[in-house]
Amino acid sequence: MWKKLEQHISNSRSNRWYRYFAIFCRISLAVAFAISGWVKISGERFAAGLPSNHPLGHYFDALLDTGFYYTFIGIGQVVVAILLIFPRTTLLGAIAAFPIMINIFVLTYSVRFEGTRIVTFMLLANFFLLVWDLQRLKAIVSNKELHAKPEHSPTNKFPYIFFSLVLLTLATVIGVNQIMYDIRPGNSMEECTNGCLDSATPQASKQFCDCIYKRGYNLRTCLDQFEKAKAIELGVEGVK
């Protein structure tokens, strides 16, 4: 099975559509890392429009206050962006970016950030780049000399199955994110309260938004209060 995977990747590298997709993934990641890194190097708060009372806003405020460490992270992200831009160093950039993306992925999901979908797409793009250079990655991991494999004839055949799977994966990420949480803080008080309108427990949801944005409590405390308020609200509705 492993040999078949390697053979398929080797064949895919001769297809221009796969190459275009690989270029799209590395340039998109490079731009994202460059922007994020430059904001930190400039000493500005990342996601300046996100309120400080937002769970992720608390994190960004604390990170900004770390001083040189904040700048150090920015420099690291810009270096990763540069590595991703150039084909000869793309694998090194993808390897360096992967633990960073894992960290951001876990962070955004843990605070129920609205940008979880984009972060997931970026992580998947990063993973694709690692798989794309599987032969060189395998040589690094196994510490063996890389032997050039015979090149396949270039092909322009559009890989319908692959891109159908890409679209299906994107749709799955969006769908799962839509249903995985009872409530999210949104990116602002207005966004949070607008989400209360379609909630089965609008009063409990409104209390959650007030807890986050007006009282400034942490996410765990507000979720605990939300669960209690939701149980009471559903109980009252049950009696009615």
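In which helix is Ser-205 found? And what lies around that part in the rest of the protein?

Author: Ser-205 is found in helix α10, which covers residues 202-213. Helices here are DSSP runs of H or I with at least four residues, strands are runs of E with at least two, and both are numbered from the N terminus. Before going on, a word on the source: this is a predicted model, so local features need pLDDT of at least 70 and side-chain atom pairs count only at pLDDT 80 or more, while totals for chains, interfaces and linings use all residues. Residues are numbered from 1 along each chain as its sequence is written, and side-chain values use heavy atoms, with hydrogens and water left out.

Ser-205 has a relative accessible area of 2%, so it counts as buried (under 20%; exposed is over 50%, partly exposed in between, with a 1.4 Å probe and protein chains only). Skip its neighbours within four places in sequence, and Ser-205 is in contact with Ile-183, Cys-196, Ser-199 and Phe-226, where contact means heavy atoms within 4.5 Å.

Now zoom out. The protein has 11 helices and 0 strands, and 38% of its 240 residues count as buried. Take contacts between residues at least 6 apart in sequence: 68% of them join residues at least 24 apart. The C-alpha trace spans about 75 × 45 × 30 Å along its principal axes.

Then there are the pockets. A pocket is an open set of points on a 1 Å grid over the protein atoms alone, where a 1.4 Å probe fits, with protein on both sides within 12 Å along at least five of seven lines; lining residues have an atom within 4 Å of a point. The largest pocket has a volume of about 870 Å³, volume being the space filled by probe spheres set on the points, which are joined across faces, edges and corners. Its lining takes in 26 residues, with Phe-21, Leu-124, Phe-128, Phe-162 and Val-166 nearest the centre. Helix α6 supplies the largest share of that lining, 9 residues. By type, the lining of the largest pocket has 22 nonpolar, 4 polar and no charged residues (Ala, Val, Leu, Ile, Met, Phe, Trp, Tyr, Cys and Pro are nonpolar; Asp, Glu, Lys and Arg charged; the others, Gly among them, polar).

The second largest pocket holds about 640 Å³ of space. Ser-36, Lys-40, Phe-46, Gln-77 and Ile-104 are the closest to its centre among its 26 lining residues. Here α5 gives the most, with 6 residues.
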